[in-house]
Amino acid sequence: MRGALRCAFALGFSCVASLGAQADPIADNLNVYRMSPPLAAYTPGTNARGHFDKRTFQRTGEKLLKLNVVRCRAPFDKDGIEENLDNAAFAVRDQKTFGLSAGWATLLNASFKGTYVEDVTLTFTGTIYEYTEDKLAALRRRCLGSANPKGDQGRFQFQIVRQAVGRFEYQIKYTQAASANLKVDIVNKLAAELGGSGEIDRAGKITIPRGAMAYPLWREDW
């Protein structure tokens, strides 16, 4: 399974790596992508169609997975997403902090025409869920009638293999040139870029208390 995951990650990443931006440490450590729309549309094992947003990657270096159609939403534990999933491997990650791509600082500085942001970091606290290869194939058979249906040639199909669920905290580190009023405008700009769903504080932190990121297995690898 690990070998297959590495191949799938290389395939998905190759779609955006050629654009020239550096790899994002959050993806390197968690092997996940930010999703749009957010958590409610996904569960580990879900079959869907979607694409990587190249514009976001070109501007920020962040890999954003955009959902077009959910084909099959795998069942969850009824007590909630943070509970153990049936036959899922998972690992708890307690307040792991990663520096994000320098593209976020570049974008924010360009938006306000100055050098006001030094960097942006992301702290993740939560659980990473991952289904085994056998479990994924069983979910595909249940949903699609086959683990690898012939003649099903829809583009950009994927299945969620790994999902990171929990608390995401984006922290802006300002330069001394940023005034108090400008800091407010900058953090609001970042929140808007992230989809506007987070809680914002005066220190330049955006908190998404219940968020998720996903790692997709693309159709070609089924």
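Let's start with the buried side of helix α5. Its buried residues are Lys135, Leu136, Ala137, Leu139, Arg140 and Leu144. Keep in mind that this is a predicted model.

What do the buried residues of α5 pack against? Five strands: β2 (47-52), β3 (64-72), β5 (117-131), β6 (157-174) and β8 (205-218).

Now the helix itself. α5 covers residues 133-144, which is 12 residues. From its first C-alpha to its last, α5 reaches 16 Å, close to the 16 Å expected at 1.5 Å a residue. Just after α5 comes Gly145, with a positive phi of about 90°.

Next, one of those strands, β5. Of its 15 residues, 11 are buried, so β5 is largely enclosed by the rest of the structure. Which way does β5 pair with β6, and over how many bridges? The pairing is antiparallel, over 13 bridges.

On to the cores. In soluble globular proteins, nonpolar side chains tend to be buried together. In this model, the largest nonpolar core has 26 residues. Which of them touch the most other members? They are Val117, Val120, Tyr170, Ile172, Ile186 and Leu190. At least two residues of this core come from each of α4 (103-111), β5, β6, α6 (180-193) and β8.

Take Val117 as an example. Setting aside neighbours within four places in sequence, Val117 is in contact with Ala105, Leu108, Asn109, Ile172, Lys173, Tyr174, Thr175 and Ile186. There is also a second, separate core, of 13 residues. Among them are Ala48, Tyr129, Phe158 and Ile160.

Let's zoom out to the whole chain. It has 6 helices and 8 strands. From the N terminus, the order is α-α-β-β-α-β-β-α-β-α-β-α-β-β. The chain has 222 residues, and 49% of them count as buried.

Last, the surface. The accessible surface of the chain comes to about 11,100 Å². Carbon and sulfur atoms hold 47% of that surface.

Note on methods: Residues numbered from 1 in each chain as written. Predicted model: local features only at pLDDT ≥ 70, side-chain atom pairs only at ≥ 80, totals over all residues. Heavy atoms only, no water. Helix = DSSP H or I, 4+ residues; strand = E, 2+ residues; numbered from the N terminus. Expected span 1.5 Å × (residues − 1). Buried < 20%, exposed > 50% of the residue type's maximum accessible area, 1.4 Å probe, protein only. Contact = heavy atoms within 4.5 Å. Pairing = 2+ DSSP bridges. Areas by Shrake-Rupley, 256 points an atom, 1.4 Å probe, with all protein chains shown as cover. Core = buried A, V, L, I, M, F, W, Y, C linked by side-chain atoms within 4.5 Å.
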